[in-house]
Amino acid sequence: MPVLQPVYPSADARNAIMEAAITQFAERGFHGTTMRDIAERAGVSQGLLHHHFGNKEGLWRTAGRHLSDAFMTYVADALRPDAPSAEAVPNAMRTYLRYWREHPEAFRFNLWRLLEGPEGERELRSETLNTRAVPLMQRGQADGFIRDDIPAGLALIIAGALVQFWLHSRTEVRDALGLE
């Protein structure tokens, strides 16, 4: 199953390149992946990769942008500004968790972003997400659903950190809480 919905016209080799790049980067990170690895996996020449994306950093940034766009599309409904916060906040957190569980390659790619992504690569994703999610937390605070003695952005960070911790530390969470 493809990681992304095709983002280019159907016969365009860039779709295969994106799939190959995301898979390789998710498996080996930025520094562990070569353009040759991606070209071989996509079944294209290295020259075609360079033609479309310039260099490995350009390909990484494009792959990251496509994954971020797919993520924002997935969570868009959960971040609607018209939903009551008592429903919207838990729904947004469930949607956030569900996205990562349903898209493990995107999750691994995102972890590599944290570890070794090129400088400045995550800023656009962060700005896009935060301009949509922080107002949701602010609404939750105004409605008394979320405590209001901390900044709304910090409430978002805490909620997101809990989801991320749950995803990569389920064993520790289960053991700490005595769950089976």
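**Close-up 1. Arg41 and its salt bridge to Glu27 in the predicted model.** Arg41 is partly exposed, at a relative accessible area of 41%. Its partner in a salt bridge is Glu27. The N to O distance of this pair is 3.4 Å. Glu27 is also partly exposed, with a relative accessibility of 43%. Arg41 belongs to helix α2 (residues 35-42) and Glu27 to helix α1 (residues 13-28), so the contact ties together parts that lie 14 residues apart in sequence.

**Close-up 2. The salt bridge between Arg28 and Asp37.** The closest N and O atoms of the two residues are 3.2 Å apart. Arg28 has a relative accessible area of 38%. That value makes Arg28 partly exposed, because it falls between the 20% and 50% cut-offs.

**Close-up 3. Arg80 and Asp82 joined by their side chains.** The two side chains form a salt bridge, with N and O at 2.9 Å. Arg80 is partly exposed, its relative accessible area being 34%. Asp82 counts as exposed, because its relative accessibility of 58% is over the 50% cut-off.

**Close-up 4. A salt-bridge network of Asp77, Arg80 and Asp82.** Salt bridges link these three residues. One of the contacts is the 2.9 Å pair of Arg80 and Asp82.

**Overview. Salt bridges in the predicted model.** The count comes to 7. Among them are Arg41 with Glu27, Arg28 with Asp37, and Arg80 with Asp82.

Technical notes:
Residues numbered from 1 in each chain as written. Predicted model: local features only at pLDDT ≥ 70, side-chain atom pairs only at ≥ 80, totals over all residues. Heavy atoms only, no water. Salt bridge = Lys/Arg side-chain N within 4 Å of Asp/Glu carboxyl O. Helix = DSSP H or I, 4+ residues; strand = E, 2+ residues; numbered from the N terminus. Buried < 20%, exposed > 50% of the residue type's maximum accessible area, 1.4 Å probe, protein only.
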